[in-house]
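Please look over the model below before reading on.

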Amino acid sequence: FPSHDNIPATTNSYICGPLSVTASIVGENRNSSRLKRKSGTSGVWLNVAANGVSISNLYLDGDYVAARGIEVNGYADVTVADNIARKIGEYFVHFNGAQRLTISGNNYKDGSNGISNLMPIDSASAAFSTDLKITGNHIENIPGTAIHIAGKQSSTDVLFAWSNPLVSRAVISNNTIFNVSGNGIIGQGYYLTIEGNTIVDAGSSSGNQAIVSQGKYISVTGNVIKGGVGVGIDMGGCTASTVTGNVVQLRAEIGIELQSCNNVTCTGNSIIDCGYGITGEGSAGIAVLEGFWGASLQSTANVVSGNTVRSSGSSGQYGISVGSGVQQCIVSSNMLVLSGSVASIYVSGTADALIFGNMTGSREEDNFVLRGDNPKFTAKNEAGNADFWIVPQGSGNLRLDKNFANAATPANFVAQVCIPIKDAYGSIFYIPAKYGSTW
């Protein structure tokens, strides 16, 4: 596929309709080795039909034809690399049942959707893909989702894709995603690594997130997210997964959200000037019983530790929030630097949470609000109904009612020493053991 540097791009030197690609198509220079889709044609443009095919170093102009640009269905060891792609009417690259597929170094903009294995609802032909590498791509200015690793879709069960993945062992790394109206990255599957991606202004509405993860053994690490409307990192129904070392800044809603997760560790992240920090209030958050789309999924054994939340804040917002029904959640050693009428840590309903060792900026009395509740400890940010208030590790203001009931006017104390206690359910809590000079 020769380079034609001396031929102006407007001459459209290579024009074709749909092709069955059984051998590699490799250009000499992706700015001048141009392939344009023939107007008026339909169906998949470049349909890979053999193992080991490479489509690389090309300028692909899809002419806004409403069809997929590149399709990889059931083949192995395929590479789509270092292309410039424009005006693709459906997906830039779509795959199904692919093995050892590499999509890297491509520059895609002004099309529809990016890279995906999304299949029609109730599709009998949806096939499993493994060992994928989606790395170093730049995706910009599209109305859809940039990268979508999907599970099986069911018309009768909206949560079906959570437990019926179509992908295992995938690395989505070092991609840059800018100005997409849909989601930045969706990863549903097992053994997924979402690492080192930069996502700016992804999501034009509250239903669109920068990163969405659902499945088992997922690592979301070292991503940088800035701007956009929806959640920064949304972990939904994840098991044995980690969210580590990410930066989420200036999202209009939640920075990091854990929905109905089990054994998920959220540590070392920085959330800066988001609508909320790390939260479990409303319909989602840190290990929430009520999960996606109102489903009742139990949430247990999650850890939120060593994160930094900084925000100017506004009324009704929280640094870290743990929602009703959460079990065995640990919130520890986080740094919360908040201003305005923001509660640093808020635990609501019947949540079972251990909160200790966190550091806050100002307004200590309002930062931590816990109350006893038959006999588990829960919390709310209302002084008149609180059984006791506590700040980390024995300093600050305390309100305590010895019966752990809804005391209308609790007494005021200053905690100097905290000790661990265990309730009837086996949960351990740190509470003040000394006030003033009296034990």
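Helices (H or I, at least four residues) and strands (E, at least two) are DSSP runs, numbered from the N terminus. By that count the protein has 2 helices and 44 strands. This is a predicted model, in which local features need pLDDT of at least 70, side-chain atom pairs count only at pLDDT 80 or more, and totals for chains, interfaces and linings use all residues. Residues are numbered from 1 along each chain as its sequence is written, and side-chain values use heavy atoms, with hydrogens and water left out.

**Confidence**

pLDDT is the predictor's confidence in each residue, from 0 to 100. Its mean over the protein is 76. Of the residues, 69% reach 70 or more. Over residues 280–290 the pLDDT is below 50. A contact means heavy atoms within 4.5 Å.

**Overall packing**

Accessible areas come from the Shrake-Rupley method with a 1.4 Å probe; for residues, only the protein chains shown count as cover. The accessible surface of the protein comes to about 16900 Å². Carbon and sulfur atoms hold 50% of that surface. Residues are sorted by relative accessible area: buried means under 20%, exposed over 50%, and partly exposed in between (1.4 Å probe, protein chains only). Buried residues make up 53% of the 439 residues. Take the contacts with a separation of 6 or more: residues 24 or more positions apart account for 59% of them.

**Salt bridges**

How many salt bridges does a search of the whole structure find? There are 4. The criterion is a side-chain nitrogen of Lys or Arg within 4 Å of a carboxyl oxygen of Asp or Glu.

| Pair | Closest N to O distance |
|---|---|
| Glu-90 and Arg-68 | 3.1 Å |
| Asp-77 and Arg-100 | 2.7 Å |

Glu-90 forms its salt bridge with Arg-68. This pair links distant parts of the chain, 22 residues apart. Glu-90 sits in the loop between strand E10 (84–86) and strand E11 (91–96). Arg-68 sits in the loop between strand E7 (59–61) and strand E8 (70–73). Glu-90 is partly exposed, at 27% relative accessibility. A network of salt bridges links Arg-68, Glu-71 and Glu-90.

Asp-77 forms a salt bridge with Arg-100. Asp-77 lies in the loop between E8 and strand E9 (79–81), and Arg-100 in the loop between E11 and strand E12 (102–104), so the pair ties together parts that are 23 residues apart in sequence. Both ends are partly exposed: Asp-77 at 38% relative accessibility, Arg-100 at 43%.

Asp-131 is in strand E15 (residues 129–135) and Arg-169 in strand E18 (residues 167–173), 38 residues apart. Asp-131 is partly exposed at 31% relative accessibility. Arg-169 is partly exposed at 42%.

**Cysteines**

A disulfide is a covalent bond between the sulfur atoms of two cysteines. The cut-off used here is a pair of cysteine sulfur atoms within 2.5 Å. The search of the whole structure finds 0 disulfides. Cys-266 is buried, at 0% relative accessibility. Cys-16 is buried too, with a relative accessible area of 12%.

Leu-19 is in strand E2 (residues 19–21). Its relative accessible area is 33%, so Leu-19 counts as partly exposed. Leaving aside neighbours within four places in sequence, Leu-19 is in contact with Trp-45, Leu-46 and Asn-47. The C-alpha atoms of Leu-19 and Val-44 are separated by 8.0 Å, and the two residues are 25 residues apart along the chain.

Ser-54 is in strand E6 (residues 54–56). Is Ser-54 buried or exposed? Ser-54 is buried, with a relative accessible area of 17%. Beyond four places in sequence, Ser-54 is in contact with Ser-24, Ile-25, Val-26 and Thr-79.

Met-359 is in strand E38 (residues 359–360). Met-359 is exposed, with a relative accessible area of 51%. With Met-335 and Val-337, Met-359 forms a nonpolar patch on the surface. Together the three have about 250 Å² of accessible area. Patches are made of residues with over 30% relative accessible area and no salt bridge; like charges are joined within 9 Å, nonpolar side chains (Val, Leu, Ile, Met, Phe, Trp, Tyr) within 5 Å.
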